[in-house]
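Have the sequence and the 3D view open as you read.

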Amino acid sequence: MKFKKGLAAALISVMALSGCGSTESTAEINLDEMSADELITLANDTMAGIDSMSASIGMEMSADIDEEAFDMAMIADMDIIYEEPIRLKMDMNVLTDGESAGGYSIYAVQDGDTMNMYINLGDDTWYSQQSTVENMAQYNAQTTAEQYLNNISSFAEDGTETINGVDTKIISGVFTGDSIKEVIANSGMESFTGSLEDMTEEEFDEIINAVGDIPIRLWISGEGYVMKYELDMTEMAQALMVSIIAQSAGLSEEDVPMTVSEMIISMTCDNYNAVEEFEIPEAALAE
């Protein structure tokens, strides 16, 4: 179905938006005695100093296309070492209506300002390509955490939860106005808009300005590790998906029969400063 093909391509691009988990305790900290302001300040300092992490990235989207229910999910497991040269490995799988729609593996290693990437699309054949360190910023936990912590507004404490054995306090808030553009632009979404040949920067700005606030929740440990974050991207996904499908199917946006009822993006982190060294497979390097 033409709509679903366009949607699958769009979804993989949207997932670029997505950048915790056990970590060793270095101090006894009472979360109950820490305010939201104190936790955010502490998290900024803590996240700036990490040198590696693992993460599980998840996305769940529910939509109606031509009055037909459509569910899609993405699961990605990632290890990344930030000490130069930056090294990354990630396995991703996309599910459509509960069935696998394909997956792939990525290895990447820094070479100066370039990231050499090795991609296996699941057929044991490796492909290589180059990107820039800047374009890989969405996988940088320090950058992602700084953006979210510094741009969240109307934040407040929202309960507590244990994430992978670590006690956390939940901080909820929203991104508003210009902060929405900053978070999206610095999280990899600019590469997403670059894939839309017919969408101008002005049109993209109109979409951002038209959506409401983007809700976010952060799970922060007493040591300042962001153990999890969750973004409610429903309104943004509706606007972006309709635009993408309209272009890929050659339709006007008014004629795209699609409604996104939910889109949640989350990242749960683990192994802060404890990721074991890994090697790029020889078969990938041989390409």
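## Helix H6

On the face of H6 that points away from its buried side sit the exposed residues Glu202, Glu206, Asn209 and Ala210. Exposed is over 50% relative accessible area, buried under 20%, and partly exposed in between (1.4 Å probe, protein chains only). Helices (H or I, at least four residues) and strands (E, at least two) are DSSP runs, numbered from the N terminus.

H6 covers residues 201–210, and its buried residues are Phe204, Ile207 and Ile208. Looking down the axis of H6, they fall within an arc of 95° (taken from the directions from the helix axis to the C-beta atoms), so they line one face of the helix.

## Where this comes from

This is a predicted model, with local features needing pLDDT of at least 70 and side-chain atom pairs pLDDT 80 or more, while totals for chains, interfaces and linings use all residues. Residues are numbered from 1 along each chain as its sequence is written, and side-chain values use heavy atoms, leaving out hydrogens and water.

## The sheet

The open sheet has 11 strands, ordered E6-E5-E4-E3-E2-E1-E11-E10-E9-E8-E7, with antiparallel pairing (strands pair if DSSP finds at least two bridges between them). Strands E6 (126–132) and E7 (153–163) are at the edges with a single partner strand each, so one side of each has no neighbour in the sheet.

Strand E1 (residues 52–65) is joined to strand E11 (residues 258–270) by 12 bridges, and the two run antiparallel. Cys269 in E11 is the bridge partner of Ala55.
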